[in-house]
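The following exercises are to be worked through with the sequence and the model at hand. Each task is followed by a solution in steps.

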Amino acid sequence: MADTLQELQELVVRFRDERDWEQFHTPKDLVLGLQVEAAELAELFLWRASEQTAEDFEQAEFRDRLQDELADVQTFLLYLAQAAGVDLAAAVRAKLKKNAAKYPVEKARGSARKYDQLN
Ligand SMILES: [Mg+2]
């Protein structure tokens, strides 16, 4: 992952602008596009046994499809963040800080419980 989020955002925005597609990128449609791409990602795992995942990750065709869908999800995230003027890297850092407060290591380590269920 050598590229920064900002570099990737510049690449996808250039791709969009060369095609004059910003006119179609309303926040609503970007959110819907993100959901569609997240569903396409989820579809790769639908009806697959969890034990099959490691084997799937080794198969070139599955990896290609997985990479495509991960890229689609990331691309929509970058477009939406750009449209809203959100610094995605700063937002992730800020959310990590909030999550660290909600899930202190000493309480959350090794637990899948929600923060309000931690003892
Ligand atoms: Mg897709």
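**Exercise 1: A metal site**

Glutamate 37 is buried, with a relative accessible area of 12%; buried means under 20%, exposed over 50% and partly exposed in between, with a 1.4 Å probe and protein chains only. The model is a predicted one, in which local features need pLDDT of at least 70 and side-chain atom pairs count only at pLDDT 80 or more, while totals for chains, interfaces and linings use all residues. Residues are numbered from 1 along each chain as its sequence is written, and side-chain values use heavy atoms, without hydrogens and water.

Task: State which residues coordinate the magnesium ion, and how they are placed in the sequence.

Solution. 
1. The donors to the magnesium ion are Glu37 (OE), Glu40 (OE), Glu69 (OE) and Asp72 (OD), at 2.0 to 2.2 Å. Donors are N, O and S atoms within 2.8 Å of the metal (3.2 Å for Na, K and Ca); water is not among the atoms, so sites may look incomplete.
2. Along the sequence, the spacing of these donor residues is E-x2-E-x28-E-x2-D.
3. Helix α2 (residues 27-43) holds both glutamate 37 and glutamate 40, 3 residues apart, about one turn of the helix. Helices are DSSP runs of H or I with at least four residues, numbered from the N terminus.
4. Glutamate 40 counts as partly exposed, at 30% relative accessibility.

**Exercise 2: Glutamate 69**

Task: Describe the surroundings of glutamate 69.

Solution. 
1. Glutamate 69 belongs to helix α4 (residues 60-84).
2. Leaving aside residues up to four places away in sequence, glutamate 69 touches Glu37, Glu40, Leu41 and Leu44; contact means heavy atoms within 4.5 Å.

**Exercise 3: Two domains**

Task: Characterise the boundary between domain 1 and domain 2.

Solution. 
1. An automatic or database assignment gives domain 1 (5-86) and domain 2 (87-119).
2. Their centres, taken over C-alpha atoms, are 25 Å apart.
3. In domain 1, 7 residues are in contact with 4 residues of domain 2.
4. About 360 Å² is buried between domain 1 and domain 2, and carbon and sulfur atoms give 79% of this area. Buried area is the accessible area (1.4 Å probe) that two parts lose on being put together, summed over both.
5. Between domain 1 and domain 2 there are 0 salt bridges.

Note on methods: Helix = DSSP H or I, 4+ residues; strand = E, 2+ residues; numbered from the N terminus. Salt bridge = Lys/Arg side-chain N within 4 Å of Asp/Glu carboxyl O.
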